[in-house]
Each structure stands twice: as structure tokens, then as C-alpha cells.
Amino acid sequence: MESQFSRLERMIGTAGLARLRRARVVVAGLGAVGGYAVEALARFGVGRLRVVDFDRVRPSNLNRQLLALHSTVGQSKAQLAAARARDINPACDVEPLELFIHADTMDQVLAGDVDLVIDAIDSFSPKLELLAAVLTKNLPAISCMGAALRTDPTAVRVGPLEHTIHCPLARRMRKALRKRNLPLSLPCVHSIEPVDHLPPAAGVDGDDDQETYTRGRLRRSLGSLPTLTGIFGLTLANEAVRMLLGGKIVAKKVTSDE
């Protein structure tokens with residue numbers, strides 16, 4: 001009978017599987033993108049996860065967030081992510097942190113021996129503080145740029161922040177990091193799909209109290225598809241594992257059968 005990770009081991013090798021079991025990965029933000037990232041990391045056999053989000057599941061999350069079910073509305077996203085990861089891989093050491101990510105909580109978010117940080121935050125100021133911290137500390141990290149408003153899965157790319165196009169969030173982040181004299185080489189998942197063709201209703205300002213966080217200013221409510229946010233999250237996890245394994249996933253060189 002095959003073990004839980006036997007098919008994965010065929011792809012990444014015994015040493016690769018052992019490397020993932022030793023790794024500690026921080027996933028910051030457990031919404032539409034981060035929930036899928038945690039899912040994949042748990043199924044990859046990553047041995048230590050720190051999952052961070054202060055929010056709770058809302059009815060408006062049901063269309064796109066993996067952790068959002070009618071049965072989980074009102075529950076902590078961090079606790080739900082931790083429970084799901086442990087259920088997938090009972091050997092995974094999962095640390096849920098229910099806190100707002102900002103400068104005053106960064107020591108908790110990045111405490112200890114962190115091998116890699118995944119940024120799946122959708123609010124600008126916390127995202128900026130996290131990226132500034134990992135760049136200052138020279139921690140391996142990968143970030144998600146704008147997944148909202150996207151409709152084309154073939155336009156999703158992975159590359160350095162400085163080379164992103166058609167992404168207002170990435171443009172704003174580049175400007176903010178330059179002001180702090182920080183590099184723009186951080187790898188990120190982004191889309192090259194322009195968003196100026198969408199109807200105005202896709203990006204109207206939200207005034208529903210259910211969409212308003214208890215910390216920070218009222219944020220703009222943007223339309224998003226369940227497919228694209230999931231693809232962004234799974235791509236983040238895939239690239240994170242590639243980074244942990246030294247830039248590759250397949251252990252053996254594939255030869256042509258022609």
C-alpha cells in the first residue's frame with residue numbers, strides 16, 4: 001500500500017521530501033489566495049507551517065475562499081487553516097496566529113527559524129510592512145500581486161516585482177519600496193492581463209459592513225473569480241516549494257522518448 005507522500009516522493013526524491021518536512025513556511029493572509037496556498041503546502045508535506053490572519057469567515061467569502069463554508073461562517077481563518085492542514089497531514093506542526101499583520105506584530109509573524117514567507121495579504125499597508133520586513137531581513141519570500149478583477153488563467157505569471165505589468169497593486173508596491181530604498185527583485189505571482197476592459201461595477205467602493213475590517217480604513221471591494229484566486233494561491237505554493245528545493249521540483253532530469 002502506498003504511503004501518503006509516495007507519489008510526491010517519485011517527483012522530488014527522498015532528499016526533497018525530507019527537505020520539505022524540515023521546512024518552516026509562514027503564510028500571511030488566509031483569504032482567497034492564502035487558503036489555497038496552505039492547502040497545497042500541507043499536501044506537499046511541508047513539516048512546519050505558521051498561518052497568520054486576524055479575520056473570520058464572512059458570508060461574502062463563500063464564492064472564492066477555500067476555508068469559507070456555510071458551516072464555518074464566523075470562525076477564525078487561522079484556526080480553520082490550521083485544522084485543515086493537520087487533517088491533511090497529521091505530522092505537520094501548524095502554528096495559527098490570529099493577529100493583524102503590521103509593523104507592531106512583525107516580530108511574531110517572522111519569529112524563529114523561518115525558511116520562506118508567502119505573502120497572500122490583500123490589504124496594502126500590512127502587505128507593504130511584511131515585504132519591507134522580509135527584504136530588510138533578507139528572508140526568502142514570494143508575494144501575490146493583484147488577483148482580483150482577473151479572468152484569464154493563462155495570463156498568470158511568476159517573476160520579479162520590478163518586471164510586472166498591468167497590475168496597479170504591483171505598481172503601487174514598487175513605488176512604496178523604492179521610497180524605503182528596498183530592492184524590487186522579490187519574486188511574485190502576478191497577471192499580465194489588463195483590467196481596464198472590465199465594467200465599472202467590478203471595482204466599486206464597498207460600503208457593506210460585512211466587508212469592513214475592524215482595523216484599518218475602509219477598503220475597496222473588488223470583484224474576483226473563484227478560479228483565478230485559487231490559481232494564484234496554488235501557483236504561490238508551487239513556486240515556494242521550488243524555492244525550498246533549490247529551484248526545481250522534479251529530482252531527475254526528464255529525457256525525451258522520441
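Which residues line the largest cavity? Before I list them, some ground rules. This is a predicted model, where local features need pLDDT of at least 70 and side-chain atom pairs count only at pLDDT 80 or more, while totals for chains, interfaces and linings use all residues. Residues are numbered from 1 along each chain as its sequence is written, and side-chain values use heavy atoms, leaving out hydrogens and water.

Now the cavity. On a 1 Å grid over the protein atoms alone, a cavity is a set of points where a 1.4 Å probe fits but cannot get out, and lining residues have an atom within 4 Å of a point. The lining consists of Gly-35, Val-38, Glu-39, Leu-67, Ala-81, Arg-84, Ala-85 and Ile-88. Helices here are DSSP runs of H or I with at least four residues, and strands are E runs of at least two.

Next, the cores. A nonpolar core is a set of buried Ala, Val, Leu, Ile, Met, Phe, Trp, Tyr and Cys residues joined through side-chain atoms within 4.5 Å; buried means under 20% relative accessible area, with a 1.4 Å probe and protein chains only. The largest core has 47 residues, and Val-25, Leu-41, Leu-49 and Ile-118 touch the most other members. Helix α7 (226-244) is among the elements giving two or more residues to this core, and its 7 residues are the largest share. A second, separate core has 32 residues, including Met-145 and Cys-188.

Notes: 1 Å grid on protein atoms, 1.4 Å probe; cavity = no way out; pocket = protein on both sides within 12 Å on 5 of 7 lines; lining within 4 Å. Buried < 20%, exposed > 50% of the residue type's maximum accessible area, 1.4 Å probe, protein only.
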